[in-house]
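Biologist: Please take a close look at a single part of this structure, the sheet and its surroundings, and explain it in plain terms.

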Amino acid sequence: MFLCVRKKAKKLEFGKIGAIEAKKYTNSLKVNNKMYSGSGFSNWEIGDVDVFIDEKGIHHLFHLIIPNHDYIAHAVSKDGLSWKRVKNALFVGDPGEWDDDMLWTMHISKKSDGEGYEMYYTGLKRQDKGIEQKVGRAISTDLIAWKKENLYGLPFKSEAPHYEGPNNNPRQWISFRDPFKYQYKGDDYLLICARSASGPTYRRGCIGVAKREKEGFVLQKPLHIPYVYDDVECPCVFEIKGSHYLLGSIREDIKVRYWSAPEFKGEYSAFHNNVLMPQGNYAARVVKEGKHFLVYNFYFADGNVNTHRVIPPPKELDVDKSGRLLLKSYYYWQKLYKKTILQKDLPLPLPILGNPTAEFVLENESKWRFGCRSGYEIYGFEKPSNDFVWEGTLSVEGMGKTGFVIECDKEGTGYYISIDFMNGFVQFRAWGFNEKDVKNNFIFENIQTNQFEIGEEKQISFKIIRYGNYYELSINDIVKLTLLDFKYSEGKIGIYVCSAVISISDSKIHVIPEPENEYAASDPEKYDNELQPNSIV
């Protein structure tokens, strides 16, 4: 979590926005493909996120505002891509209240004890100086106006014997945050980012659990202890195809990992590779929409918490025959296709570097063949749209190097997607000329890395999505790279090859609309007008 100080904004009164006003928000939303950044004075204000999808299919995004943590923001969307800020959901308490310092991660769900909705959230008190974190509750009838209501023994905190307490706290501060409500066999449970009462100091991070009893929430022994991490942040649990899966965000490597068990309270285990989302993706939470399990998170650029943060498009979850989670592209992309251009109608790729050992052969209208005996060559062509989905088949002969280029200029500067068919690595890198430093006049930065399974045929189906500064690569229908980067924005797309022969076949490019940044209005009373059809912020 990230600490801050800021003057508290004016509170909203519960009930001030009734059902009529709430209806205006949902009816007046217009899908206009905005990439949500939530930026204000700094461009990294987005903190941990949670998404709730209401009965009308409206996506409600709730997120922290950092570094201040003084309120929980709220945005709405019809498609999970285009967002509009609405009334802020919750503010820190008045001086002396249990949450008068900061608000941390939340989870929104339907109420278990009647009509409406409830938000479990983390609060800090100024008097505690950040040492102690507690979990409390707020309720709403319309997801817009929220009232704090701490029944069920709330707020509550970390306690022995299962978790760290005041007398067993080697770090001098206690993790007890990021609640996630889960209903199982008619009972309510809260998953919590907590710390086991024993073990090495930097390995006590666990997923704690509390069950709601008549007297309130009662802490039980941890649901899962990995015995390796300092904290397991933003935990959540869900069931797919008869198995339960836990997600947690890991500060050590800024990745989202997962574990599985046959039962909710079973023994959770990890596969040989339990990374669900590669580095830079964080605070992932899962929400179900019909038959789709959607994963939402925020992304840190450059692996640095104090850099630009954006809510990327969601991904979907599936399970393979071995029970491993698979990350897939969001189904909604296909609804955005404005035009599809087949490979035979694309511009022919031309060499950029001028390597004399390279050649390009147009085998037929749906197959391009590239070769380069010595060194690199890049073959690029003008993209038909700034924003696109490019899919097709990539085949490789021999042991050379290959991959894709995006935003590539006449000197070869741009983004490179390296695909290693021998070792099963895929990397997204920025590579090119550094005009700012003649003594170090190149850029070579690996931004994100992942693994993929190598087939005997050395052939993959690929899908590359470029949506503003968002980039996504799927290999054989599984998302392997999902990131945002802001170094390059113009240039050609294409393929590179080194000491190999490769081919691109049966490819097509789908043109999609360009996203726009979204910013909240300075005057909350103007929201109704700004959410009317055809409005653009």
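Modeller: Strands β13 (residues 187-195) and β14 (residues 205-213) run antiparallel and are joined by 7 bridges. Within this pair, Ile 192 has Gly 208 of β14 standing opposite. Please keep in mind that this is a predicted model. As a general point, the strands of a sheet pair through backbone hydrogen bonds, in either a parallel or an antiparallel way.

The two strands belong to an open sheet of 4 strands, ordered β12-β13-β14-β15, and the pairing is antiparallel. At the edges are β12 (177-184) and β15 (216-224), each of which pairs on one side only. On average, neighbouring strands of this sheet are turned by 30 degrees against each other, direction ignored.

The loop between β12 and β13 holds Lys 185. Phi of Lys 185 is near 55 degrees, which is a positive value in a residue other than glycine. Lys 185 has a relative accessible area of 71%; because exposed means over 50%, this residue counts as exposed.

The peptide bond leading from Ala 160 to Pro 161 is cis, and its omega is near 10 degrees. A cis peptide bond also runs from Ile 66 to Pro 67, with omega near 5 degrees. Pro 67 sits in the loop between β3 (59-65) and β4 (71-77).

Another open sheet of 4 strands has the order β16-β17-β18-β19, again with antiparallel pairing. Its edge strands, β16 (233-240) and β19 (275-277), each pair on one side only. Here too, neighbouring strands are turned by 30 degrees against each other on average, direction ignored. Strand β18 (residues 255-261) pairs with β19 in the antiparallel sense over 2 bridges. Val 256 has Met 277 in β19 as a bridge partner.

A positive phi also occurs at Ala 283, where phi is near 55 degrees in a residue other than glycine. Ala 283 lies in strand β20 (residues 281-289). The relative accessible area of Ala 283 is 0%, so this residue is buried. Lys 185, by contrast, is exposed.

Definitions and conventions. Residues are numbered from 1 along each chain as its sequence is written. This is a predicted model: local features need pLDDT of at least 70, side-chain atom pairs count only at pLDDT 80 or more; totals for chains, interfaces and linings use all residues. Side-chain values use heavy atoms; hydrogens and water are left out. Two strands pair if DSSP finds at least two bridges between them. Axes are lines fitted to C-alpha atoms, for helices over the stretch in contact, and angles run from 0 to 180 degrees between N-to-C directions. Buried means under 20% relative accessible area, exposed over 50%, partly exposed in between (1.4 Å probe, protein chains only).
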